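Please consult the sequence and the structure shown below alongside the text.

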Amino acid sequence: METNSLIWFRKGLRIHDNPALDLARRGCKHLYPVFVLDPHYLDPDRNAFSPGSARSGLNRIQFFLESLRDLDASLRRLGSRLLLLRGEPAPVLCRLLKDWKIGKLCFEFDTEPYGLARDKQVRDFASSCGIDVHSPVSHTLFNPSDIIEKNGDRPPLTYQSFIALAGCPVDPCATTYSELPSIGETGDYELLSVPKIEDFGYGDISQEELSPFHGGETEALKRLDQVLEDKAWVTNFEKPKGDPSAFQRPATTVLSPYLKFGCLSSRYFYKRLQDIYTSVGKHTKPPVSLVGQLLWRDFFYTVAFGTPNFDRMKGNKICKQIPWSENKELLVAWRDGRTGFPWIDAIMIQLKKWGWIHHLARHCVACFLTRGDMFIHWEKGRDVFERLLIDSDWAINNGNWLWLSCSSFFYQYYRIYSPISFGKKYDPCGNYIRHFLPVLKDFPKEYIYEPWTAPLSVQKKANCIIGKDYPRPVIDHEIASKECKKKMGEALALSSSKKQQHHNDSQEIASHKTKRRKKAI
């Protein structure tokens, strides 16, 4: 018997390899493709440090709106369209299910805490109404629940253990569509067109420079084809060997924002890569290969899904409890690209303007803020990245900050990225700095990474006086890095001592229990 189906888009903003869409269209009379604009993510926040909402800066919102616009265009080509509403998603969905007489509800499984709570409300309501609910896993290569179950109901905490458990992902859906079932009656609901970014009331954004990377499935597949066209680059890719200073043609795929919004299926990406590996033969292997990077993504998703309070230090059992410093002035200097270290500042300015930076650039500024120089809490840096990155992803962003601050996963705290020499080895002439910090563009290359060391005559000739036109370093790197290493060493030693004590206490309790049982016998 045919029924009305509703496909609820959140992530998964695509037509290709979309199991929820495929399930929704099968055996249905009318198909309702729905997206609900969530004020939780979109309402303006006047108190935020950059234009946008409480959760996101302009670049990611713009990327998201472009993705919605592209999805709507794709649906229209198939004889359908995106039904866009605004409000709290769970209550809105529950009303739609009832008013549109929906018999089958389909949506992609979400692993994030906010999404899980939201989806439970809708699922419970739908089930109470006798509506069939389907929530297939397709945002990741694997089902995190399956991996955790295989590991004794605990998330694997190393990449190697995750790989050993994961196996091979299922192939992407090969289904293509010439048309989709028609939309039925929608009643008196106000159905919106995809808004422009100016429609949200974020204030005067006329002077804002928005990201050069544009959202949508069409753009994702185009970029994927361009990346995979160079098979030699694909097969030789090694993550540690990218150039973080390359900005005109980034030294990586820049596919992460499309994966974040589900404009690109990770399973489809994986399959395309495997096809190239098979055809070429010799290629790099995980963890450094491109397939290895997709597996890293799933690793973080799995650990995040199975770890309560993954996004914070307190109450997070896999996070080291480190006594980070509070220093608002240093945090703001880092956030705004005013530390006085051109390499660090140029990266932060690129982040603000483009909403994207190379992964090694992320490593540099995250290390500088936390265990390298400033000793400021990783949650503070995470919040800045969460706001500004177009590819900000809850699991991966938190996982990387835990890693780079040596709070979890990685403990070689003494390996620090120099804010001076690291960038210089990739870009000795400082072209990256000159582009994103034009105030320094006329400095000779021997001073571009350390402009405070330039004689006053050189500064005058460059039309940039350090301390006036560009700040002096807010810290002394040599002193600060040594102090950070000392603090990190003490914190990790204390953490290890507490862990050992906890183990000893547990052993002692177990021993007492055994003795009591023997006496009872």
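## Charge and surface

How many positive and negative side chains does the protein chain have, and how far apart do the centres of the two sets lie? In this predicted model, the protein chain carries 73 positive and 61 negative side chains, and the centres of these two sets lie 6 Å apart.

Of the 521 residues, 55% count as buried.

## Overall form

The protein chain contains 21 helices and five strands. Along the principal axes, its C-alpha atoms fill a box of roughly 80 × 80 × 55 Å.

## Backbone geometry

The peptide bond from Pro286 to Pro287 is cis, and its omega is near 10°. Pro287 belongs to the loop between helix H11 (266-280) and helix H12 (290-306).

Asp17, although not a glycine, has a positive phi of about 40° and is placed in the loop between strand E1 (3-8) and helix H1 (19-25). Because its relative accessibility is 2%, Asp17 counts as buried. Phe375, also a residue other than glycine, has phi near 55°; the loop between helix H15 (359-372) and helix H16 (378-388) holds this residue. Phe375 is buried, with a relative accessible area of 2%.

## Aromatic contacts

The structure holds 40 aromatic pairs. One of them joins Tyr159 and Phe299: the ring centres are 6.4 Å apart and the planes stand at 85°, so the pair is edge-to-face. This pair links distant parts of the chain, with Tyr159 in helix H7 (residues 159-166) and Phe299 in helix H12, 140 residues apart. Both Tyr159 and Phe299 are buried. They also belong to one aromatic cluster, whose members include Phe142, Phe162, Trp296 and Trp403.

Trp354 and Phe436 form an edge-to-face pair because their planes lie at 75°, with ring centres 5.5 Å apart. Since Trp354 lies in helix H14 (residues 342-354) and Phe436 in helix H19 (residues 431-436), the pair ties together parts 82 residues apart in sequence. Trp354 is buried at a relative accessible area of 10%, and Phe436 is buried at 3%.

Terms used:
Residues numbered from 1 in each chain as written. Predicted model: local features only at pLDDT ≥ 70, side-chain atom pairs only at ≥ 80, totals over all residues. Heavy atoms only, no water. Helix = DSSP H or I, 4+ residues; strand = E, 2+ residues; numbered from the N terminus. Buried < 20%, exposed > 50% of the residue type's maximum accessible area, 1.4 Å probe, protein only. Lys, Arg positive; Asp, Glu negative; His and termini not counted. Charge placed at Lys NZ, Arg CZ, Asp CG, Glu CD. Phe/Tyr/Trp six-rings, centres within 6.5 Å; stacked < 30°, edge-to-face > 60°.
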